[in-house]
Amino acid sequence: MTVSEQPATLRERKKVRTRQALADTAVTLFGERGFDSTPLDALLEQVEVSRRTFFRNFRSKEDVALTAVKQLWDVYLEVLDGIKKSGPLADVFLAAMLTTLERMDEDWYRRFSLTLRLIADSPALDGYTLRHCAEVQAEIARRLDVQSRLELRLLIEFFVAAWRCALDEWLPDCTPGELPALLRRSCSSMNSALSLSFKV
């Protein structure tokens, strides 16, 4: 997914490979058979791991299906922590996501697009995604020292809404290079969107 240090021990490297195999196989298998109609045991059989091994790596079937989404937001939070915080926060949020997208490789983009299609086809997975998104938004707010908590919450909501609109535009083609431009366009449209009015 991103350039990182290799785990030091053989055991840690094996754990990383197992997690990756589960995540890769999950999006492919669930995409072919449907998330809701594919039991967890089918995934375990395909990857040849036990339930115990699975639950050492993931909390649930939803958790493994959303690996690419969680990777995105984990990296985003890391980037946000390290980014220079000056100027409008909206610009900081956008810059952090553009940097995050630059760090993702082709395999991540492939898995992410498959994951978005899974979410669109599964009410259960969509609900799980919304809960995860709320957790991320709360974590973003927690990490920022801003006086107006209400305005910060609204700004985070606006940014996440712009992100979702960009993803809607990105589907169904999911060309990796197009996502940053779509996000820029979505964010730049926010002010004009807020001033929309009915024609009399």
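Q: What does F112 touch, not counting residues up to four places away in sequence?
A: In this predicted model, F112 touches A68, V69, L72, W163, L167 and W170.

Q: And which residues touch the most other members of the largest nonpolar core?
A: L43, F112 and W163 do. That core holds 63 residues.

Q: Where does W73 sit?
A: In helix α5, which covers residues 67–82.

Q: How far is W73 from T100, C-alpha to C-alpha?
A: The two C-alpha atoms are separated by 8.6 Å. Along the chain, W73 and T100 are 27 residues apart.

Q: Which helix has T100?
A: T100 is in helix α6, residues 89–103.

Q: Is T100 buried or exposed?
A: Buried. Its relative accessible area is 0%.

Q: What is T100 in contact with, leaving aside neighbours within four places in sequence?
A: L72, V75, Y76 and V79. L72 is also on the list for F112.

Q: Switching to charges. How many salt bridges does a search of the whole structure find?
A: Ten. As background, side chains of opposite charge can pair when their charged atoms come close.

Q: Start with R110. What does its side chain meet in a salt bridge?
A: The side chain of D107, at 2.9 Å from N to O. R110 and D107 both lie in helix α7, residues 106–121. They are three residues apart, about one turn of the helix.

Q: What about D107 and R111, how far apart are the closest N and O atoms?
A: 3.1 Å, and D107 forms a salt bridge with R111. The two are four residues apart in helix α7, so about one helical turn separates them.

Q: Is R111 buried or exposed?
A: Buried. R111 has a relative accessible area of 1%.

Q: Next, R142. What does R142 form a salt bridge with?
A: E139. The closest N and O atoms are 2.7 Å apart. R142 and E139 are three residues apart in helix α8, residues 123–143, so they are separated by about one helical turn.

Q: How does R142 count, buried or exposed?
A: Exposed, because its relative accessibility is 58%.

Q: Which residues do salt bridges with shared partners join into one network?
A: D24, D107, R110 and R111.

Q: Now the surface. Which residues make the nonpolar patch?
A: L150, L154, F158 and L194. The patch is about 390 Å².

Q: Which helix gives the largest share?
A: Helix α9, residues 149–170, with three residues. L154 is in helix α9.

Q: Zooming out. How many helices and strands are in the protein chain?
A: Eleven helices and zero strands.

Q: Why call the chain as compact as a globular protein of that length?
A: Because its radius of gyration is 18 Å, close to the 16 Å that the globule rule gives for 200 residues.

Q: What box do the C-alpha atoms fill?
A: Roughly 60 × 45 × 30 Å, taken along the principal axes.

Q: What share of the residues count as buried?
A: 43% of the 200 residues.

Q: Last one. Among contacts between residues at least 6 apart in sequence, what share join residues at least 24 apart?
A: 66% in the protein chain.

Methods: Residues numbered from 1 in each chain as written. Predicted model: local features only at pLDDT ≥ 70, side-chain atom pairs only at ≥ 80, totals over all residues. Heavy atoms only, no water. Patch = residues over 30% accessible without salt bridge, like charges linked within 9 Å, V, L, I, M, F, W, Y side chains within 5 Å. Areas by Shrake-Rupley, 256 points an atom, 1.4 Å probe, with all protein chains shown as cover. Salt bridge = Lys/Arg side-chain N within 4 Å of Asp/Glu carboxyl O. Buried < 20%, exposed > 50% of the residue type's maximum accessible area, 1.4 Å probe, protein only. Core = buried A, V, L, I, M, F, W, Y, C linked by side-chain atoms within 4.5 Å. Contact = heavy atoms within 4.5 Å. Rg over C-alpha atoms; globule rule 2.2 N^0.38 Å.
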